[in-house]
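Biologist: I'm new to this one. Could you show it to me and walk me through how the chains meet?

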Amino acid sequence: MTGLVLVDAAVPLFAPVGITLDALSKAALYVVIASGLSLIFGLMGVLNFAHGSLTMVGAYLGGAVMVAFVSGASGDAARLLVFFVAVAVVFAALTALGAAIERTLIRPIYDREPLFQILLTFGLVLVIDELARIVVELRGLRPQTEWQAAIGTAPDFLSNRYGILGTPTRGLYLFEALVGLLVVAAIFLFLTRTRYGLYIRAGSEDAEMTQALGIDVRRAFTVVFGVGSGLAGLAGVLLMWDPRFGASVPLGVEALLIGFIVVIIGGLGSFKGTVVAGVLVGFVDALMTWLFINYVDFPGLPELVMFLVLVVVLVVRPKGLFGVAEVGGH
Amino acid sequence: METHAVHVAVVAVLALYPFLYGFLVGVDVSVLGVHVGDLFDVFLPRITTMVFVLYFGLFAMSFDFVSGYTGYLSFGHAMFYGIGAYFVILAGSGKVPVLPAEAPFMLMLLLGALLAFVVAVLVGAVSFRLTGVYFAMVTLGFAEVAHVFVRNWSYVGSNPRDGTSVEFDRAGYEVGVPFVDGLGVKIGRLTGDSFENVLGTGVDLGTADVSFYAVGVVVLLCYLAMQRIVHSPFGRVMVAIRENEERAEAVGYNTFWYKMGAFGISGFFAAVGGGLFAGYRRSVAPENTFDLFVTADALLATIIGGFGTLAGALYGFLFHEVLQGILSTESHGLARFLRGTLSDGVLSAGVGEFTVLEFINVFVDGRAGLYLGVVFVLFVLFVPRGLLGTLRDRLDGTVAEAVARRLRRYRR
């Protein structure tokens with residue numbers, strides 16, 4: 001009884017720490033989800049509706065790799081190693097899938113209105129989701145809503161709770177923040193140090209001029225769509241371990257909406273904006289979740305406020321926080 | 001008059017459909033061991049499905065009205081459908097202030113639609129500062145705010161996630177139109193009226209049939225109204241905005257007000273569709289009203305039927321539902337039909353564990369989503385103008401005009 005009172009008294013005191021820890025893990029997840037979407041839109045001006053579905057595929061695929069290999073290797077270090085193997089496998093597989101989708105389906109309609117690219121990727125959502133359902137039901141990956149088997153493959157030191165400045169948190173959340181930081185650093189290096197990064201930055205400024213300078217923009221499109229899809233898959237592997245998400249078919253829509261919120265708030269075509277918006281939305285989400293748990297009796301509060309932030313940002317700054325005037329072009 | 005020959009024909013076919021369906025399903029002939037009536041039962045939409053096609057087709061048409069004609073993709077259109085539906089259900093449960101639960105259905109429908117109109121104008125006032133992808137995203141944002149809100153709004157019911165239904169014990173909503181009430185026509189599949197021996201013709205109408213006609217009349221009126229607007233000077237400006245907004249502005253039109261008007265009107269008719277849905281089904285849930293995938297279904301129907309053709313959206317949704325019906329898990333679906341008709345030898349044939357039966361279970365039973373997705377992608381790639389749009393391109397004008405031309409030629 002006294003313990004309970006003590007915890008209650010401690011809530012306001014340690015709230016900032018708890019909220020920050022929660023926010024950092026969420027921000028990392030949101031940035032990772034949105035980064036692929038942001039890269040693709042930055043160069044090509046294509047808003048990839050299938051991004052969430054690719055994330056969902058990544059979650060199942062990553063989970064399948066984990067479940068298949070972890071039974072042999074039960075040590076914590078081994079599990080962590082298998083995780084990175086899963087990341088590599090999923091990234092490679094989804095990069096190939098994304099490149100194939102771009103070559104066969106999206107390339108033929110570049111010369112049409114941007115509307116048709118939205119429509120096409122939306123059609124892909126329906127196909128990918130239903131195919132995923134078929135595979136899930138065939139392979140017995142039940143329950144379909146939350147694939148517990150995959151969540152259970154996380155090493156013990158990530159599943160455990162730790163006290164930081166008097167606030168309990170999961171090791172997994174710290175791990176997610178770390179991975180998020182690594183992904184952001186990797187993408188930053190990709191954008192500033194590689195040829196394709198240069199193409200993306202040039203393409204999002206002025207695609208026509210980029211093409212005129214003799215750069216094979218078409219090929220860059222394929223590479224970027226592939227890398228963007230691979231990042232979607234990577235986000236899926238990360239979500240697969242998180243008990244707040246987990247591998248499920250509806251994860252596709254959930255991830256898609258989060259990706260949209262972050263990318264649009266940050267400003268389409270700006271990776272910096274995506275990172276800033278991811279952190280912003282992460283903090284908004286964490287703060288609202290804390291408010292809901294402690295004060296406000298409305299379960300949908302975090303989600304509701306996230307969309308409100310999107311609407312308000314668009315109204316005040318129609319191109320988002322760091323949006324460039326005109327994105328993409330074919 | 002000649003130009004309306006096709007319209008009259010379409011309405012006539014729809015009006016006769018229940019009888020046609022009843023006749024064909026009742027055909028008692030077997031060819032090669034297959035009962036022909038059962039075959040019709042699998043491939044023809046049932047009357048209850050047709051009611052759905054009508055009210056959701058109206059929603060798809062309202063989506064096409066704004067997105068197909070002004071070119072602004074409204075990705076949150078389900079919000080207006082949901083407002084209409086929730087308004088009718090809440091009003092029927094006496095949960096709308098001032099409005100008594102016994103108020104006529106038509107009044108509820110109209111008030112719900114007016115509410116959606118107001119919301120659409122408010123949303124439009126903010127959203128139309130943006131264009132293209134940004135417009136699509138901000139409308140999606142608004143709709144998701146509404147979706148999350150309704151999903152957690154405890155006023156709706158004890159478990160708002162599951163939606164709610166009408167709580168009162170009356171047989172159905174009173175329609176509330178003079179002279180119509182006297183006929184006793186009510187909307188509501190389970191409790192609506194049935195007619196036996198209509199006007200002494202020996203024809204019986206079931207409850208679903210009555211709903212079919214009642215909903216059909218409202219949908220027809222709404223279609224005619226939208227059709228009228230599209231062909232008015234107002235509609236011409238909408239198309240001008242789609243084709244070249246800057247030029248429309250340069251010519252002197254205040255395009256902002258035209259877009260707002262179109263959005264408001266579209267929201268109004270979307271809510272009528274939602275209200276009819278609620279009146280007919282007598283229950284609503286967040287996932288079949290405010291959900292992103294409700295907008296998606298309207299989008300699907302519009303693309304398949306033809307973007308910017310109005311009527312095409314209805315045909316597109318008919319296609320959608322026929323496919324859904326054939327691939328459904330229900331007793332009239334293709335999967336059960338095949339399992340019941342094919343011999344055991346055929347069913348167990350196959351490679352290893354993967355038999356014909358397994359194939360049917362996995363790829364036919366309830367898999368409409370997959371095929372609809374594939375059809376949708378193929379339409380975007382190869383038939384961008386949709387069914388009706390392509391037909392109009394071929395005929396060099398609307399079907400009605402082409403048929404009128406043909407008729408004139410024969411008369412000479």
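Predicted model: local features only at pLDDT ≥ 70, side-chain atom pairs only at ≥ 80, totals over all residues.

Biologist: Which helix of chain A supplies the largest share of the side that touches chain B?

Modeller: Helix 4 (114–138), helix 11 (251–266) and helix 13 (301–316) of chain A each give at least two residues to that side. With 16 residues, the largest share comes from helix 4 of chain A.

Biologist: How many residues on that side of chain A are nonpolar?

Modeller: The contact takes 40 residues from chain A and 40 residues from chain B. On the chain A side, two are polar and six are charged. The nonpolar residues there number 32.

Biologist: And how much area do chain A and chain B bury between them?

Modeller: Interface size is often given as the accessible area lost when the parts come together. Here 82% of the buried area is on carbon and sulfur atoms. The total for chain A and chain B is about 3,800 Å².

Biologist: Which residue of chain B forms a salt bridge with A:Glu130?

Modeller: A:Glu130 sits in helix 4 of chain A, and its partner lies in the loop between helix 15 (356–363) and helix 16 (368–382) of chain B, so the pair joins two chains. The closest N and O atoms are 2.9 Å apart, and the partner is B:Arg367.

Biologist: A:Glu130 also forms a salt bridge with A:Arg133; how far apart are the two along helix 4 of chain A?

Modeller: Their closest N and O atoms are 3.1 Å apart. A:Arg133 is partly exposed, at 30% relative accessibility. Because A:Arg133 and A:Glu130 are three residues apart in helix 4 of chain A, their separation is about one helical turn.

Biologist: Is B:Arg151, the salt-bridge partner of A:Glu303, buried or exposed?

Modeller: B:Arg151 is in helix 6 (residues 132–151) of chain B and A:Glu303 in helix 13 of chain A, so this pair joins two chains. Their closest N and O atoms are 2.8 Å apart. A:Glu303 is partly exposed at 29% relative accessibility, whereas B:Arg151, at 16%, counts as buried.

Biologist: How many salt bridges does the structure hold over all chains?

Modeller: Across the interface of chain A and chain B there are two. Within chain A, salt bridges that share partners link A:Asp22, A:Lys26, A:Glu176, A:Asp242, A:Arg244 and A:Asp285 into one network. Over all chains, the number is 13.

Key: Residues numbered from 1 in each chain as written. Chains lettered and ligands numbered in written order. Heavy atoms only, no water. Contact = heavy atoms within 4.5 Å. Buried area = accessible area lost by both parts, 1.4 Å probe. Salt bridge = Lys/Arg side-chain N within 4 Å of Asp/Glu carboxyl O. Helix = DSSP H or I, 4+ residues; strand = E, 2+ residues; numbered from the N terminus. Nonpolar A, V, L, I, M, F, W, Y, C, P; charged D, E, K, R; others polar. Buried < 20%, exposed > 50% of the residue type's maximum accessible area, 1.4 Å probe, protein only.
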